[in-house]
Amino acid sequence: MKGQPLSRRGEGRISEGWSAKMAMAVAVAVARVWRPSRGLGRTGLPLLRLLGARGLARFHPHRWQQQQHFSSLDDKPQFPGASAEFIDKLEFIQPNVISGIPIYRVMDRQGQIINPSEDPHLPQEKVLKFYKSMTLLNTMDRILYESQRQGRISFYMTNYGEEGTHVGSAAALDDTDLVFGQYREAGVLMYRDYPLELFMAQCYGNVSDLGKGRQMPVHYGCRERHFVTISSPLATQIPQAVGAAYAAKRANANRVVICYFGEGAASEGDAHAGFNFAATLECPIIFFCRNNGYAISTPTSEQYRGDGIAARGPGYGILSIRVDGNDVFAVYNATKEARRRAVAENQPFLIEAMTYRIGHHSTSDDSSAYRSVDEVNYWDKQDHPISRLRHHLQSRGWWDDEQEKAWRKQSRKKMSGPSSFISEEGYWVPASEVCLRPCTYSKCSVMEAFEQAERKLKPNPSLIFSDVYQEMPAQLRKQQESLARHLQTYGEHYPLDHFEK
């Protein structure tokens with residue numbers, strides 16, 4: 001009622017007019033509109049103080065003056081969206097405020113350890129596996145690239161120059177850690193002993209292909225090796241990987257998810273969504289960016305204006321590092337530590353591995369149209385990850401020229417998985433079990449595996465309708481029947497003898 005006293009906690013009673021009551025009422029109402037489920041909250045309280053106190057100050061100005069005991073410059077900001085201090089000078093933040101995020105490395109270009117405290121001190125056997133995995137991947141790339149140029153397969157993407165990013169990161173993970181690749185991470189599967197024959201089968205899309213010939217070449221996947229099947233659309237794996245990491249966190253699975261992508265994919269909206277969700281949900285994930293200089297034909301100078309991809313991490317609240325991707329030990333150390341902390345602390349990490357794509361983007365690309373031969377030759381001859389590791393091995397007496405010559409010859413006769421799926425004991429082995437087992441089957445050369453893959457039949461055309469629904473819907477069954485009638489009528493126009501019956 002008008003003229004009735006208003007009770008305030010800790011203060012007697014004051015007589016208030018309609019102006020003060022209206023100010024208080026408006027403050028409370030506005031605050032509750034903004035925070036209906038939490039009372040006044042942090043947004044409403046300042047407004048309540050402002051409007052309510054101004055109304056009351058007319059009656060008790062000395063009390064309002066007592067509350068206003070600091071100036072605006074000395075006040076600490078209370079905004080919920082940032083942690084910062086007030087300044088009284090107009091100044092925009094410059095994008096080049098620092099000289100650039102440094103690049104962590106362990107070896108120089110001659111393979112010498114720079115700082116002994118950073119040497120991972122890996123056993124000879126493991127370092128040799130690094131080297132042999134990288135060189136075997138290189139050999140496979142050359143054969144399958146040439147096979148595409150001869151028209152034997154439809155498409156291929158090489159990994160030239162980026163082998164160190166694959167092997168160094170894969171070696172630092174546990175075997176059960178889940179991998180989401182982009183399309184240039186074949187070396188991760190290679191290090192996990194994925195049979196060479198299954199690489200070939202996938203690229204040829206024959207009956208031995210675990211994907212039943214329904215994917216483009218180089219779209220590998222293996223459930224037993226915890227490698228999620230590659231998907232063609234760019235960056236779709238990033239938010240998917242975050243979801244998998246969040247599930248692992250909820251399950252207390254003591255595992256990490258690693259998500260590979262190129263710097264070009266980091267321009268996609270999916271990258272923003274993935275980074276932000278991973279940080280806010282505190283997911284055990286490693287974002288591994290292969291910054292190889294080009295997004296197909298677009299150089300990094302035209303992709304972004306900031307300091308690469310690692311510079312974006314702090315903006316999302318993600319611990320980040322930039323490493324020399326041609327230094328397999330630097331990649332190993334960074335990934336090992338990121339994995340340890342991601343699992344222990346449930347937080348994401350961003351690794352930007354600086355490297356160079358020596359090959360064309362794919363067999364559909366001609367990189368000579370947008371970069372010089374001299375540029376490519378520099379990275380191929382002067383700063384190649386395989387050459388750097390070989391120099392290191394030789395300096396430690398673990399490798400010499402004779403071994404190199406013998407291995408180059410042998411790498412074309414490396415264990416490549418089962419010959420026609422026959423184990424050394426003479427037993428037939430199903431494809432799913434081949435994926436699970438390590439490469440301990442009968443020896444055959446890379447070329448022999450290549451020839452076997454080419455000779456095998458393609459999967460039955462009816463399989464394009466399977467493995468989507470548990471029970472095939474009527475519309476899909478209708479399409480399958482339509483294809484069968486078409487092939488029965490016009491089958492002589494198709495190479496059906498190349499397909500499994």
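## Helices, strands and the overall chain

Helices (H or I, at least four residues) and strands (E, at least two) are DSSP runs that are numbered from the N terminus. Gly491, for example, is placed in the segment after helix 17, which spans residues 474-490. This is a predicted model, in which local features need pLDDT of at least 70 and side-chain atom pairs count only at pLDDT 80 or more, whereas totals for chains, interfaces and linings use all residues. Residues are numbered from 1 along each chain as its sequence is written, and side-chain values use heavy atoms, with hydrogens and water left out.

Taken as a whole, the chain has 17 helices and 10 strands. Of its 501 residues, 44% count as buried (under 20% relative accessible area, with exposed being over 50% and partly exposed in between, for a 1.4 Å probe and protein chains only). Among contacts (heavy atoms within 4.5 Å) between residues at least 6 apart in sequence, 71% join residues at least 24 apart.

## Helix 7 against helix 16

Helix 7 and helix 16 pack with their axes 9 Å apart and at an angle of about 35° (axes are lines fitted to C-alpha atoms, for helices over the stretch in contact, and angles run from 0 to 180 degrees between N-to-C directions). Their crossing is right-handed, a term used if the near helix is turned clockwise from the far one by less than a right angle, with anticlockwise being left-handed. On the side of helix 7 the residues that meet helix 16 are Leu196, Glu197, Met200, Ala201 and Tyr204, and their counterparts in helix 16 are Val446, Ala449, Phe450, Gln452, Ala453 and Glu454.

Asn206 lies in the loop between helix 7 and strand 4 (227-228). At 1% relative accessibility Asn206 counts as buried, and, if neighbours within four places in sequence are left aside, Asn206 is in contact with Ala201, Ala453, Lys456, Leu457, Lys458 and Pro459. Two of these residues, Ala201 and Ala453, also belong to the contact between helix 7 and helix 16.

## Aromatic pairs

A pair of aromatic rings is described by the distance of the centres and the angle of the planes. A search of the whole structure finds 16 aromatic pairs (rings of Phe, Tyr and Trp, the last by its six-membered ring, with centres within 6.5 Å; planes under 30 degrees apart count as stacked, over 60 as edge-to-face and the rest as tilted). One of them is the edge-to-face pair of Tyr204 and Phe450, with 5.9 Å from centre to centre and 65° between the planes. This pair links distant parts of the chain, since Tyr204 is in helix 7 (residues 196-204) and Phe450 is in helix 16 (residues 446-455), 246 residues apart. Tyr204 and Phe450 are both buried.

Why does the pair of Tyr260 and Phe288 count as tilted? The ring centres are 5.1 Å apart and the planes stand at 50°, so tilted is the word that applies to this pair. Tyr260 is found in strand 5 (residues 257-262) and Phe288 in strand 6 (residues 285-291), so the pair ties together parts that are 28 residues apart in sequence. Tyr260 and Phe288 are both buried. Elsewhere, one aromatic cluster is formed by Tyr294, Tyr356, Tyr370, Tyr378 and Trp379.

Helix 4 (residues 124-149) and helix 5 (residues 163-171) have their axes 10 Å apart and pack at an angle of about 140°. The two helices are therefore oblique to each other (under 35 degrees is roughly parallel, over 145 roughly antiparallel, 65 to 115 roughly perpendicular and the rest oblique). Helix 4 passes helix 5 in a right-handed crossing, and the contact is made by Lys126, Phe130, Ser133, Met134, Leu137 and Asn138 of helix 4 together with Glu163, Gly164, His166, Val167 and Ala171 of helix 5.

Asn252 has a phi near 50°, a positive value in a residue other than glycine, and is placed in the loop between helix 8 (237-250) and strand 5. With a relative accessible area of 70%, Asn252 is exposed. Glu282, in the loop between helix 9 (269-280) and strand 6, has a positive phi near 55° and is likewise a residue other than glycine. Its relative accessible area of 45% makes Glu282 partly exposed.

Is Gly491 buried or exposed? At 14% relative accessibility, Gly491 counts as buried, and Gly491 touches His486 and Leu496 when residues up to four places away in sequence are not counted.
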